[in-house]
Amino acid sequence: MGRKGCSKIQNNKLNTYDWLCDVPDAANATDYVEVQFKNTRKGYYLNSAKIPLEKGDVVAVEASLGHDIGTVTLTGKLVLLQMKKNNTRTEGVEIKRVYRKAKPTDIEKYNEAKAKEHETMIRSRQIAADLGLNMKIGDVEYQGNGNKAIFYYIADERVDFRQLIKVLAEAFRVRIEMKQIGARQEAGRIGGIGSCGRELCCSSWMTSFVSVATRAAHYQDISMNPQKLAGQCAKLKCCINYEVDAYVEAQKRLPSKEIPLETKENTYYHFKTDIFKREMTYSTDKSFGANLVTISADRVFDIIYMNKKGNKPASLEADTKITPPKRDAHDILRQESLTRFDNTLKKKKKKRSNGNGNGNNGTQAEAGNNQSSPRKVVAKKENNGENNHSNPRNQNNRNKGNNPRPNKNRQKGTNDKPQGKSNKPKPEA
């Protein structure tokens with residue numbers, strides 16, 4: 001797979017899918033390119049030298065001290081839309097340029113600078129603790145040529161870090177720049193997997209962070225459990241704000257929760273609401289759920305209207321119960337039934353037991369008849385032999401080469417005696 005704008009490779013944070021890559025002349029619509037550095041830091045640079053660049057190219061760009069090394073993440077017409085989205089001005093401001101594609105020597109210096117970042121962060125935390133500063137240094141980023149280092153820190157209050165900058169400059173022999181970030185921005189720079197199983201929104205696509213209030217959780221009837229409401233940044237999850245508008249609009253079409261419902265027997269108070277099903281549950285006690293009854297929102301409106309007129313229904317539930325809608329899809333194969341194999345197994349067992357019983361009874365009856373009348377059986381055989389000698393047809397058959405006419409019953413494989421219990425009376429012994 002190539003590395004152009006339509007590529008689905010998303011190794012970097014805040015990756016942007018170029019949906020205009022197949023549009024003719026979209027790639028040559030502008031000379032601006034989007035370059036990404038460590039984690040979520042991005043910048044827009046002017047490709048004044050008309051260097052052929054594609055998504056994924058490592059380039060050397062202009063910086064305050066020397067040059068910096070970054071990766072091209074977007075080219076073409078979509079860069080202008082991203083600049084407009086991020087409020088990046090081009091008029092009256094000097095836009096930094098793209099120098100060249102990174103050479104092997106540039107990449108070597110870049111890798112050497114990156115190797116010092118973790119050690120620098122640990123040491124800078126110790127220095128800040130020795131100075132008694134109430135701050136947390138979350139990340140350190142070196143410039144591509146190693147002449148400058150950016151320290152990202154988090155602090156609840158304003159911090160005077162002038163003495164810290166002097167100590168850090170003497171310790172690391174580079175130019176120091178301090179940037180304060182919030183807890184959500186720190187989580188986006190570090191990255192991770194959310195409770196939903198997907199990559200964090202702040203590290204995958206979100207760039208502007210809006211404050212999240214507990215009121216949004218109340219609108220959605222989410223339990224006020226801090227462990228479930230807080231994200232990896234220890235703040236309220238940003239996704240709580242995603243569906244608040246839909247819940248607010250749906251609640252406008254529901255009756256008020258503060259109005260109790262009066263019946264002839266009890267007074268019911270609101271307990272909970274299923275907003276999208278338009279169902280409300282009421283309890284006879286204000287503090288906890290007792291004698292819970294769930295009715296539709298339309299039924300609640302009817303009872304409120306009846307109470308205003310001074311009438312009280314016998315119960316909250318309607319006199320005529322609404323039948324649930326029939327399902328369009330039927331379970332023909334009975335895949336949802338847990339006992340779908342029980343009946344068939346019982347039928348097979350019954351058939352087997354009946355077959356075995358009849359066969360045994362027949363053989364026992366025959367055996368009993370043979371044992372009870374052995375003399376008559378011998379006499380029958382003798383009579384049959386006399387009949388065969390006396391019958392002229394049988395005599396002719398013997399004369400014709402002993403080829404008698406085949407017996408139809410014997411061809412079919414049936415015996416003269418029927419199987420099973422005989423209806424003939426048992427001969428006396």
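Me: Which residues of helix α4 are buried?

Reply: A residue counts as buried when its relative accessible area is under 20%. In this predicted model, helix α4, which spans residues 162-172, has L164, L168 and F172 buried. Viewed down the axis of α4, its buried residues fall within an arc of 40°, so they line one face of the helix. On the other side of α4, R162, K166 and E170 are exposed.

Me: What covers the buried residues of α4?

Reply: The cover includes the helix α3 (117-130), together with β6 (136-142), β7 (148-154) and β8 (175-180). Just after α4 comes R173, which takes a positive phi of about 60°.

Me: How many disulfides are there?

Reply: A disulfide needs two cysteine sulfur atoms within 2.5 Å of each other, and by this rule the count comes to zero. C201 is in no disulfide, for the nearest cysteine sulfur, that of C239, is 6.4 Å away. C238 is likewise in no disulfide, with the nearest cysteine sulfur, that of C233, 6.2 Å away.

Me: Why does C238 count as buried?

Reply: Buried means under 20% relative accessible area, and C238 counts as buried because its value is 19%. C201, at 26% relative accessibility, therefore counts as partly exposed.

Me: Which residues make the nonpolar surface patch?

Reply: Y17, W19 and L81 make this patch, which covers about 350 Å². Y17 lies in the segment before β1 (32-36), and it counts as partly exposed because its relative accessibility is 40%.

Technical notes. Residues are numbered from 1 along each chain as its sequence is written. This is a predicted model: local features need pLDDT of at least 70, side-chain atom pairs count only at pLDDT 80 or more; totals for chains, interfaces and linings use all residues. Side-chain values use heavy atoms; hydrogens and water are left out. Patches are made of residues with over 30% relative accessible area and no salt bridge: like charges are joined within 9 Å, nonpolar side chains (Val, Leu, Ile, Met, Phe, Trp, Tyr) within 5 Å. Accessible areas come from the Shrake-Rupley method with a 1.4 Å probe; for residues, only the protein chains shown count as cover. A salt bridge is a side-chain nitrogen of Lys or Arg within 4 Å of a carboxyl oxygen of Asp or Glu. Helices (H or I, at least four residues) and strands (E, at least two) are DSSP runs, numbered from the N terminus. Buried means under 20% relative accessible area, exposed over 50%, partly exposed in between (1.4 Å probe, protein chains only). The arc is that of the directions from the helix axis to the C-beta atoms. Contact means heavy atoms within 4.5 Å.
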